[in-house]
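Biologist: I am new to reading protein models. Could you walk me through this one, feature by feature?

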Amino acid sequence: MKTYKLMKEDFPQFLSLLQEKGNLYGPVKSKNHYSFEKIDDLSKLTFNYTRTLMGLKKFVTPPRYKVKHFDKSGSEDIIPENETNIVIGAHPCDIHAMKILDKLFLGQIKDPYYKKRRENLVIVGHSCMPDENCLCTSTGTDMVSDGFDLFLTELQDFYLVWVGSSKGLFIIMSSEDLFSEKIDMCDIAEYTTWQENRQNSFKTTIPFHLMPDIIHLIYEKDELWNQFGEKCLSCGTCSLVCPTCNCFNVEDKILINADEVVRERMLDSCTLPYYSVVAGDHDFRPDRTKRLKLYYTHKLKEYIGKWGQPACVGCGRCVTYCPVGINVKTVSNAFYEAIQCVREVKKI
Amino acid sequence: MWTSEHKPVVGVFGFSGCAGDQLRLVHMEDELVTLFTTAEIKFFHMAQSHQEVDHVDIALVEGSINTKKQLEELKEIREKSTFLVALGTCACFGGIQYLNEKDKAFEERFKHVYGSNIKKEDFTVGEAIPPQPLCNFVKVDAMVPGCPIEKDNLLPIYTKLIKGIKPQKYPAPVCVECKLEGNDCLLLHGIPCIGPVVSAGCGAICPSHNLPCVGCWGPYEAANYKSMLDKLEEIGVDKETALRKLKLFGGSKAEEELEKVIK
């Protein structure tokens, strides 16, 4: 991986360079939170933020989009146009989430709509400092070494620019005078000190690696699940803000002329009623507890079994945005608390 | 449901309400011509002068039932129709006129509004009865809530129906649209929004302008009123105000659910 130094006074020029290459998106404050928005006015960009409401998934699986058009003569896929969308300011957890989505959508079966949007996307990551809701050290997603095109680590007077792809390298090469390869020992020391400081700022750790076994063993203990099922509003917020949740619903909309049909995909949530309804109208998960069980079993058990990591990148969005406090932190903690045995368990 | 050999016959009927849902249909200027040509609209109180009810494949019914005469008419519509769609919050849940339904006896409330000289049998529009949603009297095949309905919610169901396809219901609360609009939750900022227990469809217009949802699209099918009440209490809303908020557009469904919760 090539690494460059970009002086802070050259940063505005770097942003203008990105704007020349494509549509620039970045974190801006909107109302009470941050969000990746299209940047026309560079002064609106802010990098001193912890998390956006929605992660990068809105660029690759938009909330609602058309996938196919049918009429009497046949059907046609609606694949997005070729265009370059550059998003700056993504944090390591966001990039890890994108890697999880890539695994799912670009595995053996490649989703053509995702593929095109992903090819159109250039990711310029940015370093961050955790708040009390960040759990990424527990999920092993606090550092990132691939999945981005460029990654900026912000230090006192300069940025360390890590190159993660040939696309990223082309951006650097197109304006070489902005970047220097001369990184001296003091620069390295500054980086390692920053890194150590960041590592020490994490306040929350959850041993997620034990979750698959715990969930397996307590799966039938309804009282543990019901405490959350009774509180859950079935509002879908957790899934919609989760950067790895990608379930979508498909709807065929017949147009008013009754001769044309548009097929639409929209983000879905397994916490909504009717999510698990199958042909013949049978509902596998008619109650809230059963649906929450699916959500957490999928995230913290099944996914670890299949891919060796949880479908959680520790971004803390569910922790921040669930109005009734049901999230990976409270659910895991409740399970750990429940297994605190009254009799002493000896280490063998 | 019906063969496509003939154009499906549609009837639009209106009971007690502001007639806003029928008006919403009339206001679909871009689609209006197609609306009247893809189906045979036999009865449309607001849009046609010649009206007859024989048999309709699809009945779109607006408003709540407030008189005995309306009840008879509703039963007749149900008998003569194959698929009955409740249009708007009044038809689906009872609407704002259902408010305070369980607080005092109907006679007492009637007297409060009309005085003691008028009897409920005296109305020329039929003897007054306590307002109720359609589903409390007849089988309703699909509900399109809204105050008024939004064409993007009605059209996908309507076009499926005229093609003889049974529409699938997939209810969601306002929160889903609110997140998709890019808002964080107002409840987290101590603003008493009741979006989690309210049907989606409006596109979360109010929360997107930092105004709490008042619930005009009626109850969300999977609404968790217990948790909603707890949350409102947590952010400092007293119980009486919270209940009033939830009942405002909640109609008979909210009333029933809240009764269970309070018990």
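Modeller: Let us go through domains, chains, cores and helices in turn. This is a predicted model, so to speak of local features we need pLDDT of at least 70, side-chain atom pairs count only at pLDDT 80 or more, and totals for chains, interfaces and linings use all residues. Residues are numbered from 1 along each chain as its sequence is written, while chains are lettered from A and ligands numbered from 1 in the order in which they are written.

Biologist: Which domains does the assignment give for chain A?

Modeller: Domain bounds come from an automatic or database domain assignment. For chain A that gives domain 1 (3-200) and domain 2 (208-338). Taken over C-alpha atoms, their centres are separated by 26 Å.

Biologist: How many residues of domain 1 of chain A are in contact with domain 2 of chain A?

Modeller: Two residues are in contact if their C-beta atoms, placed from the backbone, lie within 7 Å. Here 33 residues of domain 1 of chain A are in contact with 29 residues of domain 2 of chain A.

Biologist: And how many residues of chain A are in contact with chain B?

Modeller: In chain A, 31 residues are in contact with 34 residues of chain B.

Biologist: Which residues touch the most other members of the largest nonpolar core?

Modeller: In soluble globular proteins, nonpolar side chains tend to be buried together. A nonpolar core is a set of buried Ala, Val, Leu, Ile, Met, Phe, Trp, Tyr and Cys residues joined through C-beta atoms within 7 Å. Buried means that 20 or more other C-beta atoms lie within 10 Å of a residue's own, with C-beta atoms placed from the backbone. The largest core has 109 residues, and V87(A), I123(A), V124(A), L150(A) and V161(A) touch the most other members. Leaving aside neighbours within four places in sequence, the contacts of V124(A) include L18(A), I86(A) and D149(A). Another core, of 37 residues, lies apart from the largest one, with A39(B) and L84(B) among its residues.

Biologist: How do I read a pair of helices?

Modeller: Two packed helices are described by the angle between their axes and the distance between the axes. Helices are DSSP runs (H or I, at least four residues), numbered from the N terminus. Axes are lines fitted to C-alpha atoms over the stretch in contact, and angles run from 0 to 180 degrees between N-to-C directions. Helices α9 (residues 225-234) and α11 (residues 251-262) of chain B have axes that come within 9 Å and cross at roughly 70°. Therefore α9(B) and α11(B) are roughly perpendicular to each other (65 to 115 degrees). Y225(B), K226(B) and L229(B) of α9(B) make the contact with E257(B), L258(B) and V261(B) of α11(B).

How values were computed. Helices (H or I, at least four residues) and strands (E, at least two) are DSSP runs, numbered from the N terminus. Angles under 35 degrees count as roughly parallel, over 145 as roughly antiparallel, 65 to 115 as roughly perpendicular and the rest as oblique. A residue is buried if 20 or more other C-beta atoms lie within 10 Å of its own, exposed if 12 or fewer, and partly exposed in between; C-beta atoms are placed from the backbone.
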